[in-house]
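Welcome, and thank you for taking a look at this protein with us. Let us walk through it together, one part at a time.

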Amino acid sequence: MFTAVAEAVWSTDQRGAGRAYIDALIAAGFDREAMQVTQDTSTVGNPAESIQFSVRWGEKECLIGQVGPSTGQVVTAVMPQLAEGRCLIGTTRSIDW
């Protein structure tokens, strides 16, 4: 389901908006509190070459998606959780909407 939701967003004009993926995943029943997303613009305001988004799945795994011009398609994977229940490395965007 995670991949199908991401592919549905990728097929729209919102494909470069991280919020669109988060909103679609929430609408599909995934827990907002378990999500992370990277910025969809660079520090100088250009569109990001890729956006990553994730959902903690259970106590040990993460569903991770990546989209953008650098991938050319939706790429998803199931990966182990990182320390403290995180899924993505580095600074992520607040999901505060």
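This is a predicted model: local features need pLDDT of at least 70, side-chain atom pairs count only at pLDDT 80 or more; totals for chains, interfaces and linings use all residues.

**Two salt bridges**

Aspartate 23 has a charged partner, arginine 19, and the two form a salt bridge in which the closest N and O atoms are 3.2 Å apart. Why are these two separated by about one helical turn? They are four residues apart in helix 2, which covers residues 18-27. As background, an α-helix has 3.6 residues a turn, so residues three or four places apart point the same way. Arginine 19 is partly exposed too, at 38% relative accessibility.

How many salt bridges does a search of the whole structure find? The search finds two. The other pair to meet is aspartate 40 with arginine 93, where the closest N and O atoms are 3.3 Å apart. This pair links distant parts of the chain, 53 residues apart: aspartate 40 sits in the loop between strand 1 (35-37) and strand 2 (51-57), while arginine 93 sits in the segment after strand 4. Is aspartate 40 buried or exposed? At 17% relative accessibility, aspartate 40 counts as buried, because buried means under 20%. Arginine 93, at 22%, counts as partly exposed.

Here are the two pairs side by side.

| Salt bridge | Closest N and O atoms |
|---|---|
| Arginine 19 and aspartate 23 | 3.2 Å |
| Aspartate 40 and arginine 93 | 3.3 Å |

Arginine 19 also brings the two pairs into one picture. Leaving out residues up to four places away in sequence, arginine 19 touches Asp40, Arg93 and Trp97. Both members of the other salt bridge, aspartate 40 and arginine 93, are therefore among the residues that arginine 19 touches. For a sense of distance, the C-alpha atom of arginine 19 is separated by 14 Å from that of aspartate 31, twelve residues away along the chain.

Now let us look at the rest of helix 2. Which residues of helix 2 are buried? They are Gly18, Ala20, Tyr21, Ile22 and Leu25. Their cover includes helix 1 (2-10), strand 1, strand 2 and strand 3 (61-67). Just after helix 2 comes glycine 29, with a positive phi of about 105°.

Four strands form an open sheet in the order 1-2-3-4, with antiparallel pairing. Strand 1 and strand 4 stand at the edges and have a single partner strand each, so one side of each is left without a neighbour in the sheet. On average, and with direction ignored, neighbouring strands are turned by 20° against each other. In general, strands of a sheet pair through backbone hydrogen bonds, either parallel or antiparallel.

How many bridges join strand 3 to strand 4? Six bridges join these antiparallel strands.

Helix 1 lies across strand 2, strand 3 and strand 4, and runs at about 20° to strand 3. Helix 2 packs on the sheet as well, touching strand 1, strand 2 and strand 3, and its direction makes about 165° with that of strand 1.

**A disulfide and a buried glutamine**

Which residues does the disulfide join? Cysteine 62 is joined to cysteine 87, with an S to S distance of 2.0 Å. Cysteine 62 lies in strand 3 and cysteine 87 in the segment after strand 4, so the pair ties together parts that are 25 residues apart in sequence. The torsion about the S-S bond is about -80°, so the disulfide is left-handed. Cysteine 62 and cysteine 87 are both buried, and the count of disulfides comes to one.

Our last stop is glutamine 81, in the segment after strand 4 (75-80). Glutamine 81 has a relative accessible area of 18% and is therefore buried. Its side chain reaches the backbone oxygen of glutamate 61 at 3.2 Å. Leaving aside neighbours within four places in sequence, glutamine 81 is in contact with several residues, including Arg56, Trp57, Glu61, Cys62 and Arg86. Among these contacts is Cys62, the cysteine that is joined to cysteine 87.

Note on methods
Residues are numbered from 1 along each chain as its sequence is written. Side-chain values use heavy atoms; hydrogens and water are left out. Buried means under 20% relative accessible area, exposed over 50%, partly exposed in between (1.4 Å probe, protein chains only). A polar contact is a pair of N or O atoms within 3.5 Å; within protein, one must be able to donate a hydrogen and the other to accept it, and residues adjacent in sequence count only if both atoms are side-chain atoms. Contact means heavy atoms within 4.5 Å. A salt bridge is a side-chain nitrogen of Lys or Arg within 4 Å of a carboxyl oxygen of Asp or Glu. A disulfide is a pair of cysteine sulfur atoms within 2.5 Å. Two strands pair if DSSP finds at least two bridges between them. Axes are lines fitted to C-alpha atoms, for helices over the stretch in contact, and angles run from 0 to 180 degrees between N-to-C directions.
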